[in-house]
Amino acid sequence: MSSDYEYSDNELYDEDEDEMMADEDDESASDMELDGFNDVPVKSKLKSYEVEHISLSQPQVEKLMKTDVDHISGIFGVDAEIASLLLRHFNWNKEKLIEKYMDNAAVVTTAAGITVPEKESSGSSSHRSSSSPSQSQTKILERITPPPAPNEPFVCPICCDDAPTATFNLICEHKFCTNCWNAYIESKIRTEAEHWITCMADGCSVVCPDSFIRTALKDDTSTWNRYQELLVRQFVSCNRNLKYCPYPSCTYTVSCPSGASKSALTTIIPIVTCGASASHKFCFGCNIDADHRPCICAVAKMWLQKCQDDSETANWIKSNTKECGKCQSTIEKNGGCNHMTCKKCKYEFCWVCMGPWSEHGTAWYSCNRYDEKASVDARDAQSQSRASLERYLHYYNRWANHEQSAKLSVEQHAKTERKMEEMQITSQLTWIEVQFMKKAVDEVFKCRMTLKWTYAMAYYLEKGNEKELFEDNQRDLERAVEELSELIESPIDPETISVLRQKVTDKAVYVQKRNEIVLEDTANGFQDGRWKWNVPVEGFD
Amino acid sequence: MAAVSTRRLQKELADIKNHGTPTGITLLKADDFETWYLTLEVLGESLYKGEVFALKFRFEPGYPISSPAVQFVVDDKFRAPLHPHVYSNGHICASILGTEWSPVLSVISVCITLQSMLASCKDKKRPPDNDRYVAHAPENPKKTQFVYHDDEV
C-alpha cells in the first residue's frame, strides 16, 4: 500500500464534501479523518482521563461503507452491488481484496458467490475470464425470471406449489417461488441474524445481492432495515477503530482510534459514550458496559474475574480448615481439644502438628512437636493464606459497599424526588428550586463508581509512595462523597430547603473536583508509567 | 405458513408411498404433519450391522424453511447408536440439522445423510462431552447451539 495512492484517493473525494472523511484504511488506522461530521460536538479540551471518540449514527457508518464500495467499484469497473459483496466477502479488507482480485478475478468472484463455478471448466477459459473481468461477468446477478412457460408446469421444490404466481432465481438458476424466497430470507435475517444469504439449493453458494433481497422481502421494510443493520454491524466488527454500542437495541457506532490498539490499553482507559444517550457508556477496550475508571482494562478484568470465580472460597477453606492426613477429607475445627478423630476414616491425629495422635503419649492438651519443620511450614502457609484472604476481603468489602451505596442513593433519590414534587404543590417553591438534588445524586453515583474501582486498583497496586498518594486521594474523595450522601438523606422541609440547597450544591461541586483529581492523577500516572503492580499485569513487564 | 409445511409434507409422504424409501429406511409412523417416525438401518459391512434405530422428526409450521427437529428415539425398544456425534439421549450433532440446513432437503435426504454418517463411522463411542450435555440438554435438540465438531463424519 503506497501513500501516494492513498493521497490521490483522498483528493478524489475532496470534491465532494460529504464523502471527505471516509478514507480510513486498516493499516494506518489512527488517522481517520472525521471532518465530515458536523453534529458532533468539538471537544476542545479533553481531560487527561478522557479519550477522543466520535459517535456515528447508522447512516453515517453507511456512508463510510459506501465510500469503500464506490472505491472498489471504480477500480474494478463493477456495479456497486458487486463491489459491496466482494468487500463483505473479504471482511472489508480492501488491500487483500484488490490483491486477490487482480490476481484472479474469476476465482474471487466464484468464491464470493457472485458467479457460478464453471462446470468442468477448461483451464484456458477460466484464465481468459480473469484477464477481462468486467465484460464477461456483467451477466452476473441477474434475477427474477418470468413465470415458466405454460407447457412445462413448474412445481416449487420447497412448498410444492404447482402453480406459483412468480418465481425468482439467482444466477445459479435454482428456481423457487417468491413466497418461499420471502420466508427463507426473512427467517435468515430475523432468526439467524445472517447478512450473507446464499441460494436455497443444497450446497449452492451463490449469494443474494441486496437488490434481490429487497425485491424478495416485498414491502417488509422492518426486515429490510434489520438487514441493513446487520450489514453495518459486520462492517463495524471488521474495523478495529469502530465498535458497536453494546446497549440493547442501540444502533450507534463509536469510533475511537486511540483505544483500538491493545498496547494503548496499558496507558489509557477508553471509556466512550455513544450518541444515542449519555448513559450509553462503555469501555472501547474491553467492552464492559460500564465506566471502570481509574482501573485499566487488564486490572479491571483480573479483579472481576477474582470476584467471580471461587478462588476466594478456596482461600477460605485453606485458611480455616486442614486435611485429614490419611483420607484428605477437609476438616474445620470449631472447638475442642487438639486430639482429632476424622469422622470419615477414624484416623486420630493432632490438630497442631497434624501427626498421628499415637505418638503424642500423654501430652493430651499440648503438642510438644509444635516446632518441627513440617508443622512450621504448614503453619506459615496457613497464616499466609489467612492474611491474603483478609487483605482481599478488605478491598472487596469496600468495593461491594460502594456499589450497594450507589444503588441505595438512587433509591433514596426517588423517594426524595417524590417528596419534593409534593412540596412544589404545597409550598411556594418552583420546579427549578427543587431540582438541585438530582444533580447531587448523579454526582454521588458517579463518584461511588470511581471509588469502587479505586479499591480494585489499590488491591493490585504495589506498596510504596505512589500507592500511598493514590490512597490519600481515594480517602479525600471517599470522605467528601460520604458527606454529600449524608446531606442528600437529610430531611427536607420548606423552611430549611434554601440552606440545604446551598450546602448540597457546594458539596457537590467539591466532590466533583475530588473525583476529577483522582481520575486525572491516575490517568497521568498511567501515561508516565508511574503505577507498579504487585502481580503480573497483561501488557506490563 | 402452516399450509406450506402441510403441503410440502403431503408431497413428501406421497413420494414415499409412490416410490418407496431407500434401502434401510422405512416409514414407521406418519399420522399427522407434526411428528414422524422412521427406522434406520445401515446395510452392508459397518460397525452397526444388525442394529435398527428409530428417528423422530418434529416439524414446525415454518418447515421446510426452518429445519426439522431430528433425534434418535430412546425408549424400551430403541437405543441411540453409539457414535461420536450422537448423544445417549438421542440428540444428534450434525450441521445439516442446524446451520447447514437447506429448505430443499427433505425427511428422506436427512435419513440418507444420517445413514451415511453411521456407515462411515470407524470408532463406536459417545461424544466426549456426553455426560455433561445429557445432564443439561433441552428436550428439543433444536434449542441446542451445537458447535459442529468436524465436518468429516
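Mentor: Helices (H or I, at least four residues) and strands (E, at least two) are DSSP runs, numbered from the N terminus. The model is predicted, and here local features need pLDDT of at least 70 and side-chain atom pairs pLDDT 80 or more, whereas totals for chains, interfaces and linings use all residues. Residues are numbered from 1 along each chain as its sequence is written, and chains are lettered from A and ligands numbered from 1 in the order in which they are written.

The part to examine is A:Ser409, which is found in helix α13 (residues 373-426) of chain A. A:Ser409 is buried, with 23 other C-beta atoms within 10 Å; buried denotes 20 or more such atoms, exposed 12 or fewer, and partly exposed the range in between, with C-beta atoms placed from the backbone. Leaving out residues up to four places away in sequence, A:Ser409 touches A:Val441, A:Val444, A:Phe445, A:Ser485 and A:Ile488, where contact requires C-beta atoms, placed from the backbone, within 7 Å. The C-alpha atoms of A:Ser409 and A:Asp528 are separated by 36 Å, and these residues are 119 apart along the chain.

Helix α14 (residues 436-460) of chain A packs against helix α15 (residues 465-489) of chain A at an angle of about 150°, with the axes 10 Å apart; axes are lines fitted to C-alpha atoms, for helices over the stretch in contact, and angles run from 0 to 180 degrees between N-to-C directions. α14(A) is therefore roughly antiparallel to α15(A) (over 145 degrees; under 35 is roughly parallel, 65 to 115 roughly perpendicular, and the rest oblique). The crossing of α14(A) past α15(A) is left-handed, a term for a near helix turned anticlockwise from the far one by less than a right angle, clockwise being right-handed.

On the α14(A) side, the residues in this contact include A:Val441 and A:Val444, both of which A:Ser409 touches. On the α15(A) side they include A:Ser485 and A:Ile488, also partners of A:Ser409. The α14(A)–α15(A) contact comprises twelve nonpolar, three polar and four charged residues, with Ala, Val, Leu, Ile, Met, Phe, Trp, Tyr, Cys and Pro counted as nonpolar, Asp, Glu, Lys and Arg as charged, and the others, Gly among them, as polar.

Among contacts in chain A between residues at least 6 apart in sequence, 58% join residues at least 24 apart. The largest nonpolar core has 86 residues, and A:Leu86, A:Cys180, A:Val299 and A:Ala456 have the most contacts inside it; such a core is a set of buried Ala, Val, Leu, Ile, Met, Phe, Trp, Tyr and Cys residues joined through C-beta atoms within 7 Å. Among the contacts of A:Cys180 beyond four places in sequence are A:Cys156 and B:Pro103.

A:Ala193, in the loop between α8 (178-192) and α9 (210-216) of chain A, is exposed, with 12 other C-beta atoms within 10 Å, and its phi is near 50°. A:Lys346, in the loop between β10 (339-341) and β11 (348-350) of chain A, is exposed with 10 C-beta neighbours inside 10 Å, and its phi is near 65°.

Terms used: Two residues are in contact if their C-beta atoms, placed from the backbone, lie within 7 Å.
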